[in-house]
Amino acid sequence: MRKKVSSAAQTETPSSIPDQMDPQHVSLTLIFLKKMGIDKPIPQSCDTSGFYSHFFGSFIKVNHIKKGRISCIIAVKPPISNAYGTLHGGSVGSYIELLSTACARTVIAEDKELFLGEINVSYLSGAPISAEVLAEASVVKSGRNVTMVALEFKLKKTGNLMYIACATFYNIPVAKL
């Protein structure tokens, strides 16, 4: 097992890194991962049931909810941003899941379970910190077994399209045992 890659990276490398890899690349990768917080523990307050929903929900303001449509504003703040000062791609994915599920629920009966089968996202541009993003979700198709939701994320100030997405849900009747 290799212990240290270089004096620049004061970290141990995992034993699963092949010997033929360039030690400098390994060192730079480890430095990048440390900068991204890979070695930081999860705070106890975050390690609770429902934290995810409450955390992402705290950045949303709902404009309106209608049958098959949801519109809201997402405030881009540092906790949901990346190191480049824009809305993190994972945050975008979380909002897609949250809003598409809520939108699908406006047309699918409660006696059916929704299974999110596919999400397709196009990242067109990054929403900067302190921006407000208008997120709109609408049901494109809702049948007996499948529901599709289209989403658009635009900068509120300029109307520029930032992200587009489509989510496919499978409607599953809840088993009665």
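These are my notebook entries on a predicted model.

**Entry 1: strands**

I looked up how β6 is paired. Strand β3 (residues 112-123) and strand β6 (residues 161-173) run antiparallel to each other, with eleven bridges between them. Leu114 has Asn171 in β6 as its bridge partner. I then turned to strand β5 (residues 146-155), which pairs with β6 over nine bridges, also in the antiparallel sense. Here Met148 has Thr168 in β6 as its bridge partner. Five residues lie between β5 and β6 in the hairpin that they form. I noted Gly159 in the turn, where phi is positive at about 80°.

**Entry 2: core**

Which residues have the most contacts inside the largest nonpolar core? I found Ile74, Tyr95, Leu99, Ala127, Leu151 and Phe153, in a core of 31 residues. At least two residues of this core come from each of β2 (69-75), α3 (89-105), β4 (132-142), β5 and β6. The largest share is that of α3, with six residues.

Leaving aside residues up to four places away in sequence, Leu99 touches Ile60, Ile70, Cys72, Ala135, Ala137, Leu151 and Phe153.

**Entry 3: salt bridges**

How many salt bridges does the structure hold? I listed three.

One joins Lys34 and Asp39, whose closest N and O atoms are 2.6 Å apart. Lys34 has a relative accessible area of 35%, so I put it down as partly exposed. Asp39 is partly exposed too, at 45%.

Another joins Glu132 and Lys156, with 3.4 Å between the closest N and O atoms. This pair links distant parts of the chain, as Glu132 is in strand β4 and Lys156 is in the loop between β5 and β6, 24 residues apart. Glu132 counts as partly exposed because its relative accessibility is 38%. For Lys156 the relative accessible area is 49%, and this residue is also partly exposed.

I also noted the salt bridge of Glu152 with Lys154, where the closest N and O atoms are 3.6 Å apart. Glu152 is partly exposed at 33% relative accessibility, and Lys154 is partly exposed at 28%.

**Entry 4: surface patch**

Which residues make the nonpolar surface patch of about 380 Å²? I found Phe32, Met36 and Tyr84. Met36 sits in the loop between α1 (23-35) and α2 (51-57).

Key. Residues are numbered from 1 along each chain as its sequence is written. This is a predicted model: local features need pLDDT of at least 70, side-chain atom pairs count only at pLDDT 80 or more; totals for chains, interfaces and linings use all residues. Side-chain values use heavy atoms; hydrogens and water are left out. Patches are made of residues with over 30% relative accessible area and no salt bridge: like charges are joined within 9 Å, nonpolar side chains (Val, Leu, Ile, Met, Phe, Trp, Tyr) within 5 Å. Accessible areas come from the Shrake-Rupley method with a 1.4 Å probe; for residues, only the protein chains shown count as cover. A salt bridge is a side-chain nitrogen of Lys or Arg within 4 Å of a carboxyl oxygen of Asp or Glu. Helices (H or I, at least four residues) and strands (E, at least two) are DSSP runs, numbered from the N terminus. Two strands pair if DSSP finds at least two bridges between them. A nonpolar core is a set of buried Ala, Val, Leu, Ile, Met, Phe, Trp, Tyr and Cys residues joined through side-chain atoms within 4.5 Å. Buried means under 20% relative accessible area, exposed over 50%, partly exposed in between (1.4 Å probe, protein chains only). Contact means heavy atoms within 4.5 Å.
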